[in-house]
Amino acid sequence: MRNKVCPNCHTNLYDFLKTGMLGCPTCYQAFKEEVNEMLLKVQGKTIHVGKEIKRGVDEELLAEYERLLKEKERAGLNSRFSEMVLINSELEILKEELERRGLR
């Protein structure tokens, strides 16, 4: 369905697919299926999750968050905007988990 539109910022699906950029946080929900498809293609999975809770998981989550921030910056410097969108999706998920744990 190419005429999907974000109810918040009015970014449409065509523009997202063309540029790889979302207009606001609400876009992640509006285009959830398409973002997940992109993540699956590029990363082989749609979210970052550990298999089991183990000692040091907080440190691992923080390290992964920092790694993704650096990866996003490199992608931006190299004009890999579609990759930035995917990284942003992962960062949002990690940020929520870090906030839930009181680490952010």
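S89 is tucked away: its relative accessible area is 5%, so it counts as buried (under 20% is buried, over 50% exposed and anything in between partly exposed, with a 1.4 Å probe and protein chains only). The structure is a predicted model, so local features need pLDDT of at least 70 and side-chain atom pairs count only at pLDDT 80 or more, while totals for chains, interfaces and linings use all residues. Residues are numbered from 1 along each chain as its sequence is written, and side-chain values use heavy atoms, with hydrogens and water left out.

On the whole-protein level, there are 5 helices and 0 strands; helices (H or I, at least four residues) and strands (E, at least two) are DSSP runs, numbered from the N terminus. Along the sequence this reads as α-α-α-α-α. The protein has 104 residues, and 29% of them are buried. Of the contacts between residues at least 6 apart in sequence, 47% join residues at least 24 apart, a contact being heavy atoms within 4.5 Å.

Back to S89, which sits in helix α5 (residues 81–100). Setting aside neighbours within four places in sequence, S89 is in contact with Y28, V35 and L39. There is also N36: 53 residues separate N36 from S89 along the chain, yet their C-alpha atoms are 8.9 Å apart.

Two of those partners, V35 and L39, turn up again where α3 meets α5. The axes of these two helices come within 10 Å and cross at roughly 105°; axes are lines fitted to C-alpha atoms, for helices over the stretch in contact, and angles run from 0 to 180 degrees between N-to-C directions. That makes α3 roughly perpendicular to α5 (angles of 65 to 115 degrees get this label, those under 35 are roughly parallel, those over 145 roughly antiparallel and the rest oblique). On the α3 side the contact is made by V35, M38, L39, V42 and Q43, and on the α5 side by L86, S89 and E90.

Helix α5 has another partner in α4 (residues 57–77): these two pack at an angle of about 160°, with their axes 9 Å apart. The pair is therefore roughly antiparallel. The crossing of α4 past α5 is left-handed, meaning that the near helix is turned anticlockwise from the far one by less than a right angle (clockwise would be right-handed). Residues making this contact include L61, L62, Y65, L68 and L69 from α4, and F81, M84, I87, L91, L94 and L98 from α5.

M21 counts as partly exposed, because its relative accessibility is 44%. Not counting residues up to four places away in sequence, M21 touches F16, F81 and V85.

What about aromatic pairs? A search of the whole structure turns up 1. It is formed by F16 and F31, whose rings are stacked, 5.7 Å centre to centre with 10° between the planes. The rule here is that rings of Phe, Tyr and Trp (its six-membered ring) pair if their centres lie within 6.5 Å; planes under 30 degrees apart count as stacked, over 60 as edge-to-face and the rest as tilted. F16 belongs to helix α1 (residues 13–19) and F31 to the loop between α2 (25–30) and α3 (32–43), so the pair ties together parts that are 15 residues apart in sequence. Both F16 and F31 are buried.

With neighbours within four places in sequence left out, T11 is in contact with K4, V5, C6, G23, C27 and F31. At 16% relative accessibility, T11 counts as buried.
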